[in-house]
Structure formats: structure tokens, C-alpha cells
Amino acid sequence: MQSDEYLLAIDLGTTKVCAVIARVISGDDLEIIGIGTHPSEGMQNGAVVDLERTTRSIESAAQKALATAGVDYARAWIGIAAGFIQSYNSRGSVAVLQGQRGITKADIRAAMRAAVDLKIPPEMEVLHVIPRGFRVDDISGVRDPEGMVGNLLEIDVHLVCGRKNDIANIGRAAQAAGFRIEGVILQPIASSMSVLSQEEMDAGVAMVDIGGGTTDIAIYKDGHILQSRIVLVGGDLITKDLVSFLAAPVEHAETIKKNYGCAITAATDDAEVIEVQRIRPRPPHHIARSNINFVIECRVDQIIEQIRKTVLSVMSVDDLVAGVVLTGGSSLLGGLVEKVQRELGVGANLGIPGGVTGFTDIVKSPTCATAIGMLQYALKERKRVRAENGKIAQRVYKKTCDLLSRFF
Ligand SMILES: Nc1ncnc2c1ncn2[C@@H]1O[C@H](COP(=O)(O)OP(=O)(O)OP(=O)(O)O)[C@@H](O)[C@H]1O
Ligand SMILES: [Mg+2]
């Protein structure tokens with residue numbers, strides 16, 4: 001079997017582990033041939049707390065995907081988003097030797113290395129180094145400096161780092177499940193690849209993946225990522241709020257959220273009442289739907305404030321010319337798109353993963369945005385490595401210099 005014929009993505013969500021396998025067609029297109037999910041067990045806020053259970057969750061999701069595809073494959077890309085992730089914007093510079101020779105790839109790498117070295121605490125490991133723009137001498141806004149003549153090369157980068165031990169534990173679980181890790185990807189960067197267009201990234205957009213345990217945010221402008229953030233609030237907290245408010249069993253609170261939940265209380269008819277089951281021995285009771293939605297709306301307000309804060313850390317909300325693209329399971333909550341639109345005063349829409357063939361009826365759901373984006377990212381990364389004939393000076397850059405194909 002030619003191992004480059006396939007790509008396997010394992011998205012370690014806080015609610016579910018989602019594994020998707022694709023066949024790479026003619027080196028360029030992805031055909032989804034298998035998908036498997038398993039409840040995410042053994043992890044808390046994206047970090048491993050029980051190695052054995054995490055291993056089982058990965059193994060079960062991945063084996064289901066492989067069985068559907070009828071393929072035996074043991075290499076995987078792992079998608080993570082957790083409290084142990086930190087993002088920074090950094091700048092690195094390098095004097096260009098023999099100024100008249102023109103800037104080389106090696107100069108660009110040296111500038112990137114300088115940007116990385118400046119920022120990273122020893123307990124952290126670099127996951128992504130994403131170029132945001134270059135400056136050659138006093139000319140800023142340079143998109144690709146290779147071949148230009150200059151004395152000083154500066155690079156702005158977005159760095160995503162994770163605590164080494166937490167990443168190592170995820171690696172151990174994946175290996176124990178029988179997979180060799182081909183790469184690790186931050187979930188919002190992956191989701192962005194599947195739901196955002198280049199036009200949106202150029203115009204200014206916030207990709208917001210509201211999952212179970214986390215809300216992952218990535219802000220783009222002028223074609224570059226400006227900020228990424230993992231907020232430890234997601235749809236599972238909404239369910240928990242309803243469990244407390246209604247004294248209902250978790251499964252029932254989850255059903256109520258999905259079937260009756262709305263992020264805008266004012267949109268609910270005050271007279272509408274629904275029957276709610278409660279944790280036994282309490283009998284069921286009737287409650288106004290608007291009261292339920294008020295509880296939901298409070299938590300949604302908190303999530304929207306985090307989106308606003310993240311945008312404001314790099315630009316004005318008005319700079320989101322392409323608005324907010326919402327994805328992740330919780331983006332399906334009733335009224336959410338409209339609520340985001342109202343509160344932030346910019347356009348908002350659902351991001352449905354695209355750009356693949358195969359099991360599209362299943363994967364064209366916001367809950368699959370991360371796994372699909374991971375495959376697209378992984379394909380791009382494979383191509384980049386191949387284009388460089390695998391000649392990458394340092395291993396760390398092999399797995400980190402994403403989106404470099406745009407520059408190199
Ligand atoms: N129709 C729906 N309405 C409201 N919430 C929903 C709906 N469908 C799914 N959800 C919620 O989406 C969440 C799961 O989303 P998703 O599958 O994207 O999570 P995840 O990827 O495992 O988590 P994370 O990305 O936070 O690590 C759960 O909280 C679930 O209740
Ligand atoms: Mg997710």
C-alpha cells in the first residue's frame with residue numbers, strides 16, 4: 001500500500017473524537033472514504049487526564065473510520081485545542097549577508113527562527129509558526145521577500161505553542177492506539193481551512209468554532225492570521241447550566257437545548273411552556289420556554305464577549321468586513337447566528353466545510369469542520385515538504401512552517 005495515497009485526521013474534541021480518512025486523488029483532491037466518532041473520554045479541557053481512556057477513544061474513532069473505508073492505515077494528524085495552548089505575535093529580524101545577492105529561503109528561515117527564539121518559554125513547544133508579513137529595510141507590507149535585495153529582513157509571525165508535556169501525553173495516547181503522528185494541528189487553524197475563503201481572509205473575518213468544551217477563535221485580515229485563541233467555554237456549559245436550572249438529567253437537558261434552545265430570549269413566545277423531566281424522584285414539571293432561553297442567552301453572551309475581546313486585541317470589530325463565520329456543533333443552536341450578528345454588529349453565517357468529495361452528506365456539518373480542515377492542511381503540508389524534496393534544515397520547522405507554501 002502506498003501510504004501517501006491516504007490522509008487520516010483525528011480531531012481530539014472535548015465532546016467527541018472525530019476521525020476522518022481521505023484518499024488523495026491525483027495529489028490534489030480529497031475524497032472522504034471513512035469517518036468514525038467516539039465520545040471524548042479521558043481528557044479534560046483538551047488535556048489528557050486518563051491515558052488509557054484517551055487511547056481507547058482515539059482507537060475506537062479511528063478504527064471505525066478505517067473500517068468504513070476498508071483501509072489499513074497507521075499514520076495520523078492530530079488536532080488539538082486546549083487550555084495548555086498559547087498564541088503570540090512575534091517579530092524576528094536578520095541581517096542579510098552579501099546584501100546584493102538577494103534574500104534567500106535560508107535568510108527567511110533565520111528570521112523566523114529569531115522570531116521563535118525570542119518568545120518561547122522552555123516548557124512550551126512550537127506547534128505553528130505562521131508568517132504574517134515581511135519588511136525589507138524600511139519597506140513594509142512585503143508578501144514574499146525571496147530574491148529581493150536588502151540589508152535587513154524582518155518577519156512578523158503568529159506563534160502557536162503548547163505545553164510540551166501535554167502534547168507528549170496526547171502523542172503517547174495516539175501511539176498507544178497504534179498511530180504514528182504525522183503532525184499536530186491547532187483546531188481553529190484547521191477549521192479555518194475548511195470554512196473560510198481566501199476572499200474572507202483578505203477582507204477580515206473571525207472564524208469561531210463553538211464546540212462542546214471550547215470556543216476556538218481565529219482572526220484573519222489581509223490574508224494573514226492575526227490572532228488565535230482557545231476559550232474554555234462551549235456548548236457543554238450551556239447544557240450544564242440547564243441541568244442546574246431545570247434539575248434535569250444531562251441527556252434530557254441536552255435534548256431540550258437542541259430541540260427548543262434559542263440564543264435570543266426575546267424571540268420566544270412568553271406563553272409557550274414545555275414539559276421538562278427532572279432527576280428522579282422529582283416529577284416532571286412545566287416551564288416557560290423563555291426562561292430556558294434566558295439561561296442559554298446568558299452563556300451565549302459570555303461567549304460573544306470573548307469573541308469581541310479577541311477581535312479587539314488586534315483590530316476594531318468594524319474591520320471584520322467579512323464578518324463572523326460560525327462553526328462547531330454549538331453553532332447549530334437556535335438563533336445563534338442572528339444573536340452574534342446583533343451583538344457584534346457585523347455579518348455572521350454558518351461555516352460548512354467544503355472542498356472535498358466522498359461522504360459529503362455526513363461531513364458537510366459544522367461538527368466536522370475541524371477534521372476536514374485538518375485533511376486540507378495536511379495535504380498542503382505534504383505538498384510543501386515534497387516541493388522542498390524533504391530538505392528542511394530543522395525538524396521543528398518541518399511541522400511548524402505552515403502556510404509557507406504561500407511564500408516559498
Ligand atoms: N443542534 C444543536 N443545537 C445546539 N447545540 C448543539 C447542536 N448539535 C450539537 N450541539 C452541541 O455541540 C457541542 C459539540 O460540538 P462539537 O462536536 O463541535 O464539539 P467538539 O469538537 O467535541 O468540542 P471542542 O471543539 O470544544 O473540543 C455539544 O455541546 C452539543 O451539545
Ligand atoms: Mg471541535
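**Note on the predicted model**

1. Asp-137 is found in the loop between strand 8 (124-136) and strand 9 (139-142). Helices (H or I, at least four residues) and strands (E, at least two) are DSSP runs numbered from the N terminus. The phi angle of Asp-137 is near 50°, a positive value in a residue other than glycine. Asp-137 counts as partly exposed because it has 15 C-beta neighbours inside 10 Å. (Buried means 20 or more other C-beta atoms within 10 Å of a residue's own, exposed 12 or fewer, partly exposed in between, with C-beta atoms placed from the backbone.)

2. This is a predicted model, in which local features need pLDDT of at least 70 and side-chain atom pairs count only at pLDDT 80 or more, while totals for chains, interfaces and linings use all residues. Residues are numbered from 1 along each chain as its sequence is written, and chains are lettered from A and ligands numbered from 1 in the order in which they are written.

3. The protein chain has 12 helices and 19 strands. Its radius of gyration is 22 Å, close to the 22 Å that the globule rule gives for 408 residues, so the chain is as compact as a globular protein of that length. (The radius is taken over C-alpha atoms; the rule is 2.2 Å times the number of residues to the power 0.38.) Along the principal axes, the C-alpha trace spans about 80 × 50 × 40 Å. Of the 408 residues, 48% are buried.

4. One open sheet is made of 5 strands in the order 14-13-12-17-18, with mixed pairing. (Two strands pair if DSSP finds at least two bridges between them.) Strand 14 (224-231) and strand 18 (348-350) are at the edges with a single partner strand each, so one side of each has no neighbour in the sheet.

5. Within this sheet, strand 13 (residues 215-221) and strand 14 run antiparallel and are joined by 7 bridges. Ala-218 stands opposite Ser-228 in strand 14. The loop between strand 13 and strand 14 contains Asp-222. Asp-222 is not a glycine, yet its phi is positive, about 55°. With 14 other C-beta atoms within 10 Å, Asp-222 is partly exposed.

6. Strand 17 (residues 324-327) is covered on both faces: Val-324 and Leu-326 are buried on one side, Val-325 and Thr-327 on the other. Strand 12 (residues 205-210) runs parallel to strand 17, with 4 bridges between them; Ala-206 has Val-324 as its bridge partner. Strand 17 also pairs with strand 18 in the parallel sense, over 3 bridges, and there Val-324 stands opposite Ala-348.

7. Helix 8 (residues 289-312) has 24 residues and reaches 34 Å from its first C-alpha to its last, close to the 34 Å expected. (The expected span is 1.5 Å times one less than the number of residues.) Its buried residues include Ile-292, Ile-296, Val-300, Ile-303 and Ile-307, and among them are also Asn-293, Glu-297 and Arg-299.

8. Around ligand 1 there are 25 residues, of which Gly-13, Thr-15, Gly-211, Gly-235 and Gly-329 come nearest. (A residue is near if its C-beta atom, placed from the backbone, lies within 6 Å.) Helix 6 (235-246) and helix 7 (250-260) are the elements that give two or more residues to this shell. The bond between Arg-280 and Pro-281 is a separate point: this peptide bond is cis, with omega near 10°. Pro-281 lies in the loop between strand 15 (273-276) and strand 16 (285-288).
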